[in-house]
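Hello,

The structure we spoke about is below. My notes follow it.

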Amino acid sequence: MKRMVKAVYLGTVYLFLYLPLAVLTIYSFNDAKHVVTWKGFTTRWYVKLAENSVLLDAAVNSLLLAAASATAATIIGTLAAIALKRYRFTGRTILSTSMYVVMMSPDIVMGISLLMLFVLMGLPLGFTTLFLSHVTFCLPFVTVTVLARLTGLDGNLAEAAMDLGAREFEVFSRIILPLAMPGVLAGWLLSFTLSLDDVIISFFVTGPTFEILPLKIYSMVRLGVKPEVNALCAVMFGVTLAVVSLTQLCFKERK
Amino acid sequence: MEHALPCIELEHVSKHFGDQSVLRDIHLTINHGEFLTFLGPSGCGKTTILRLLAGFERPSTGRLRIGGVDVTDLPPHRRAVNTVFQNYALFPHMTVFDNVAFGLRMRRTPAKVIDAEVFSALRMVKMETHHARRPSQLSGGQQQRVAIARAVVNKPLVLLLDEPLSALDYKLRKAMQIELKELRRTLGITFVFVTHDQEEAFSMSDRVAVMNEGVIEQIDSPSAIYEKPVNLFVARFVGEINTFEGRVLSRNGTSMQALVEGEQVRLSLGGNGNGGGAHCPEGGSPASCGSLSAGSPIKVLLRPEDVRLERAAPGDAGGLTGSIVDTVYKGMTIDLIIEMSGGKKILATEFFNEDAPEALFSVGERVRVGWVEDWEVVLPDEGSQSL
């Protein structure tokens with residue numbers, strides 16, 4: 001009986017989480033112009049997707065932007081986390097609090113304020129403004145993730161390294177960074193994902209020269225959901241699944 | 001240690017954290033090859049001294065010298081000391097070999113030399129077969145050994161040990177104490193040890209510094225600390241001790257008459273025998289020697305094993321008497337709890353006498369309480385003296 005309840009409960013949870021994704025994936029193989037009814041199996045939407053250079057360009061742009069901003073945010077955020085953990089300096093509390101402020105502030109506020117800033121600075125809207133914005137909102141997530149990892153470590157490790165003759169840089173490169181690595185990687189993945197599916201902030205700071213996928217899809221869907229978009233979403237879900245499984249596998253082996 | 005050379009010198013070192021004073025004017029010399037232990041309750045400043053020596057903290061005032069070099073302003077990596085941490089602090093992402101090799105690599109030692117040195121250090125702590133393991137695959141005792149090897153492989157002038165045995169179980173701790181002593185003999189370097197366990201301090205050290213609230217209360221050989229404590233704190237911190245209140249009646253030369261627990265007794269002032277008497281600390285407060293004049297309040301301290309008991313005859317009068325209220329079997333010894341005539345309870349430890357089992361006391365018996373002359377410790381009553 002208890003096992004039954006457990007199974008039903010778990011089943012419901014999974015249903016809620018994955019039913020929409022399953023429907024989307026199934027309908028990406030639907031041989032009909034409109035999504036509501038099932039007209040038989042086809043892969044033509046995938047073929048059409050592969051031919052749609054505008055959509056693919058946007059996808060490549062998005063991946064490029066996500067990789068670049070995640071990398072930049074990870075470098076800055078990791079250094080910030082180490083500084084917050086290891087040193088006592090003026091403005092330390094303000095820095096750590098402001099991380100949470102950026103994390104908590106609504107996207108719409110961030111988007112408008114960034115737009116105003118870029119306009120005032122006279123920066124042309126495009127890749128640069130998108131990149132700077134994405135680094136800004138990803139950065140606190142990296143810092144928090146790395147900080148959590150560092151807090152879980154034995155506080156004496158850095159002192160032990162210093163005691164054995166390590167200088168400040170060697171303490172960083174040989175002890176702190178390798179030990180923080182799982183947090184750093186998790187922070188990068190988190191940033192990559194956040195950047196990849198951000199709509200609101202990007203909507204304000206994007207320019208005509210650099211189109212990114214979420215905004216492209218958003219503008220396409222306003223004229224009705226095309227099966228091509230279904231196919232694209234299914235592909236993206238597949239990629240996500242692969243990446244998550246891969247990282248899980250990697251971390252499992254590390255332990 | 002005839003021509004003992006100073007290895008570590010602390011000159012009027014004090015340390016505050018904010019407005020909290022952790023160390024107050026510590027003045028101390030530790031000799032080359034000495035095994036010195038800082039003993040004290042938690043928060044007494046003993047770990048802070050170690051951190052000052054390692055270079056993790058800077059003194060608020062005063063100077064530090066190690067091997068004749070003023071290291072007060074030197075960072076940890078430029079000091080000829082190495083530390084064994086309480087929780088070992090082994091690098092979890094490195095193998096045992098890499099952990100031990102870390103210090104040598106930091107000093108750009110050639111790889112061939114590193115190999116030989118690391119294995120010889122690991123052999124010394126009997127861990128050479130575990131060189132490829134990760135710290136997480138080792139037991140607490142094995143991690144301890146690796147931590148020691150990692151420190152001594154650098155051939156420091158001084159090895160600092162911060163309660164390194166406190167996480168081990170009783171048997172392993174005993175074994176490691178003996179091994180540490182052996183290691184000190186092999187290496188011939190100075191050991192500075194920190195612990196709150198007096199048994200551990202006594203069993204290993206040449207000298208013990210008993211600390212309390214940022215000051216060194218007494219620094220002496222273990223036997224002197226135990227037998228001639230300079231004040232009540234030291235007396236009570238190391239081992240069990242019975243305390244009697246009294247008052248000096250008269251003094252003559254090496255002895256005095258005093259009223260203790262309402263009875264007149266003779267107390268020794270000599271301190272030249274096996275034990276205490278009123279101990280006069282060198283250069284310390286003259287209170288226990290000079291100021292014990294007629295009328296001053298005193299405390300008489302007696303270790304349980306120094307108490308001598310005799311059966312009291314029914315008509316006996318005078319002297320300290322009491323009755324046995326409980327006996328505690330300890331295996332090799334037996335603890336007797338005695339209620340004195342005045343109501344005070346004291347502890348006496350007796351060894352079994354196999355030849356005369358009838359000599360053991362039983363609950364309810366009246367006894368006369370005495371001690372081997374000169375083994376008592378007489379201190380001025382600190383409650384009425386400014387320390």
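Salt bridges and interface

B:Arg51 and A:Glu159 form a salt bridge through their side chains, at 2.7 Å from N to O; the term requires a side-chain nitrogen of Lys or Arg within 4 Å of a carboxyl oxygen of Asp or Glu. The rule finds two salt bridges across the interface of chain A and chain B.

This is a predicted model, in which local features need pLDDT of at least 70, side-chain atom pairs count only at pLDDT 80 or more, and totals for chains, interfaces and linings use all residues. Residues are numbered from 1 along each chain as its sequence is written, chains are lettered from A and ligands numbered from 1 in the order in which they are written, and side-chain values use heavy atoms, with hydrogens and water left out.

The contact (heavy atoms within 4.5 Å) involves 17 residues of chain A and 22 residues of chain B. Between the two chains about 1,800 Å² is buried, 63% of it from carbon and sulfur atoms; buried area is the accessible area (1.4 Å probe) that two parts lose on being put together, summed over both. Of the area that chain A buries against chain B, 36% comes from A:Asp163, A:Leu164 and A:Arg174, more than from any other three residues.

Chain A has eleven helices and zero strands, where helices are DSSP runs of H or I with at least four residues and strands are runs of E with at least two. Its C-alpha atoms fill a box of roughly 70 × 65 × 30 Å along the principal axes. Of the 255 residues in chain A, 35% are buried, meaning under 20% relative accessible area (1.4 Å probe, protein chains only).

Regards

Technical notes. Buried means under 20% relative accessible area, exposed over 50%, partly exposed in between (1.4 Å probe, protein chains only).
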